[in-house]
Amino acid sequence: MTRPVLITGGAGSMGRLVVEATRRTGAAVRVFDLPSADFTPFASDPGVEVATGNIASPSDVAASVEGASAIVHLAAILPPLSEENPELTERVNVEGTAVLVDAARRLTPDARFVFSSSVSVYGRPGGTEEGAHKGRPYDSGSVCEKVVGVDDPVAPDDVYALSKAESEKVVLDSGLDWISLRISGVSVPVFQEPPAAWPFLPSQKIEFVHRDDAVTAIVSATAESAEGRKIHLVSGGPAWRMTGAQYVEDFYRIVEVDPHEAVYQPEPGHFTWYDSAGSQRALRYQNTSYEKYLEQVRADVERMLTG
């Protein structure tokens with residue numbers, strides 16, 4: 001019988017896409033998520049097994065891990081809830097990862113362990129609200145002035161970033177065949193209401209990644225051909241390098257809103273430009289240009305307008 005790929009958080013918005021992409025490779029999938037999650041998208045697929053439980057429960061996790069050929073760990077508390085509830089974030093993100101790693105070592109030690117990390121582990125580049133509003137560079141000596149590489153030091157500076165850095169260390173010290181993916185901001189190719197405040201400065205360098213390309217990177221990391229015990233930066237590549245203002249203006253043009261109405265947060269977000277050339281060579285995921293992303297959003301807006 002084929003050993004399944006275990007995907008924690010597999011019933012979430014990103015998780016469902018990872019499940020679908022994994023199934024397209026021909027692999028069986030075991031989805032692990034909370035009992036309250038919506039598993040209906042998998043009901044008609046005999047190649048998808050559902051396992052419910054709490055990621056911080058050793059017994060629940062052990063039951064889901066046994067026999068897995070690979071483990072994709074997506075389950076996590078995300079912002080803004082992570083900042084509002086640090087205790088829950090610690091329990092799910094850090095303790096949950098430790099429970100999963102322990103179960104993998106005991107029950108399926110040969111499984112590839114793919115961890116969904118974040119570029120937030122590098123911390124924020126420096127900056128000020130005053131400099132942003134006046135269009136000035138926001139700290140010429142900060143990390144934002146160069147392309148960040150995978151070996152640059154981590155400097156987590158909020159609850160979520162710290163939880164990802166601590167969880168990643170658990171994975172790296174596990175002795176398993178791991179791959180950690182430090183994923184940048186994910187651009188979803190559909191219309192979404194603008195946030196109350198865009199999570200970066202207008203002058204800030206940002207480099208996001210298309211949702212489908214992030215999914216491809218995650219699935220590619222489960223393949224035996226992908227070299228293990230590597231950290232990869234997953235981002236859009238040079239074609240996605242821009243400022244926050246450009247990204248927001250392009251979106252506002254599509255939805256026919258004045259870009260001057262955009263509200264930005266007063267401090268830098270966890271974004272800059274990244275050296276993802278090595279991850280692209282290893283995982284072959286950068287398939288969607290920024291222009292294509294804009295076309296997809298435009299098509300979704302037109303679909304909504306025409307009904």
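Two strands pair if DSSP finds at least two bridges between them. Strands (E, at least two residues) and helices (H or I, at least four) are DSSP runs, numbered from the N terminus. The model is predicted: local features need pLDDT of at least 70, side-chain atom pairs count only at pLDDT 80 or more, and totals for chains, interfaces and linings use all residues. Residues are numbered from 1 along each chain as its sequence is written, and side-chain values use heavy atoms, with hydrogens and water left out.

**View 1**

**View 1. Strand 1 beside strand 2.**
The two strands run parallel and are joined by 4 bridges. L6 has R30 of strand 2 as its bridge partner. Both faces of strand 1 are covered. V5 and I7 are buried on one side, L6 and T8 on the other. Buried means under 20% relative accessible area, exposed over 50%, and partly exposed in between (1.4 Å probe, protein chains only).

**View 2**
R112 has D177 in strand 6 as its bridge partner.

**View 2. S118 in strand 5 (residues 112–118).**
Is S118 buried or exposed? S118 counts as buried, at 8% relative accessibility. Its side chain makes a polar contact with the side chain of S120, at 2.9 Å. A polar contact is a pair of N or O atoms within 3.5 Å; within protein, one must be able to donate a hydrogen and the other to accept it, and residues adjacent in sequence count only if both atoms are side-chain atoms. Not counting residues up to four places away in sequence, S118 touches Y160, K164, L181, R182 and I183. Contact means heavy atoms within 4.5 Å.

**View 3. I231 in strand 10.**
I231 counts as partly exposed, at 22% relative accessibility. Leaving aside neighbours within four places in sequence, I231 is in contact with V150, E168, L172, W178, S180 and R182. I231 and S117 are 114 residues apart in sequence, yet 9.4 Å apart in space, C-alpha to C-alpha.

**View 4. Helix 1 and its cover.**
Which residues of helix 1 are buried? They are G15, V18, V19, A21 and T22. The cover over these residues includes strand 1 (5–8), strand 2, strand 3, strand 4 (70–73) and helix 7 (211–221). The 12 residues of helix 1 should span 16 Å at 1.5 Å a residue; the end C-alpha atoms are 17 Å apart, which agrees. The expected span is 1.5 Å times one less than the number of residues. G26 follows helix 1, with a positive phi near 95 degrees.

**View 5. Salt bridges of D45 with R23 and of E49 with R30.**
A salt bridge is a side-chain nitrogen of Lys or Arg within 4 Å of a carboxyl oxygen of Asp or Glu. D45 and R23 meet at 2.9 Å, N to O. D45 lies in the loop between strand 2 (29–33) and strand 3 (48–52), and R23 in helix 1 (residues 13–24), so the pair ties together parts 22 residues apart in sequence. D45 is partly exposed, at 24%. R23 is partly exposed, at 25%. For E49 and R30, the closest N and O atoms are 3.1 Å apart. E49 lies in strand 3 and R30 in strand 2, so this pair ties together parts 19 residues apart in sequence. E49 is partly exposed, at 38% relative accessible area, whereas R30 is buried, at 9%.

D300 counts as buried, at 12% relative accessibility. Elsewhere, salt bridges that share partners join R124, D157 and D158 into one network. The whole structure holds 15 salt bridges.
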